[in-house]
Amino acid sequence: MRLEIAWWDLDGSPQTVDSLRAHLREGVTDDWAAVPGLRAKFWVADRDRNRWGAVMVWEDDRPAGAPLPPNRAAELIGRPVGHRMGFDVEAVAEGVHDLPVLHGLGAAFAPRATP
């Protein structure tokens, strides 16, 4: 199992955490849900440090040469990912929870407050 972390520093980009969050509501997560070998992908943000990125958990190495959904974040931000790191997973534990699946969860899909 392999874990990959990738992120952009958004300084100098026209994109913000809020604008990138909005693009997640356009079906991007559904595209990634069909990727073979991908156990989970978490889109992450650090509003205080103006960062946007993702954490991906692969069953094995990221499939070389396999087609992946378009990197919409890179297109919107206007440059390739700034930081990418990979790790071998040494162990996994799942806690006790009431969530049947993780797909479709996160701040991007939370009900929005009305002004």
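I take contact to mean heavy atoms within 4.5 Å. The model is predicted.

**Met 56**

I looked up Met 56 and found it in strand β3, which covers residues 51-58. Is Met 56 buried or exposed? Its relative accessibility is 4%, so I put Met 56 down as buried; the cut-off for buried is under 20%.

Next I listed what Met 56 touches, leaving aside neighbours within four places in sequence. The contacts of Met 56 are Arg 2, Leu 3, Glu 4, Trp 32, Leu 38, Ala 40, Lys 41 and Arg 84.

I also checked Met 56 against Leu 99, which is 43 residues away along the chain. Their C-alpha atoms are separated by 19 Å.

Which residues make the nonpolar surface patch? I noted Leu 99 together with Phe 42, Val 44, Leu 102 and Leu 105. The patch comes to about 430 Å².

I then looked up Phe 42 by itself. Phe 42 sits in strand β2, residues 38-46.

**Asn 50**

Where is Asn 50? I found Asn 50 in the loop between β2 and β3. I checked its backbone: phi is positive, at about 55°, although Asn 50 is not a glycine. With a relative accessible area of 23%, Asn 50 also goes down as partly exposed.

Technical notes. Residues are numbered from 1 along each chain as its sequence is written. This is a predicted model: local features need pLDDT of at least 70, side-chain atom pairs count only at pLDDT 80 or more; totals for chains, interfaces and linings use all residues. Side-chain values use heavy atoms; hydrogens and water are left out. Patches are made of residues with over 30% relative accessible area and no salt bridge: like charges are joined within 9 Å, nonpolar side chains (Val, Leu, Ile, Met, Phe, Trp, Tyr) within 5 Å. Accessible areas come from the Shrake-Rupley method with a 1.4 Å probe; for residues, only the protein chains shown count as cover. A salt bridge is a side-chain nitrogen of Lys or Arg within 4 Å of a carboxyl oxygen of Asp or Glu. Helices (H or I, at least four residues) and strands (E, at least two) are DSSP runs, numbered from the N terminus. Buried means under 20% relative accessible area, exposed over 50%, partly exposed in between (1.4 Å probe, protein chains only).
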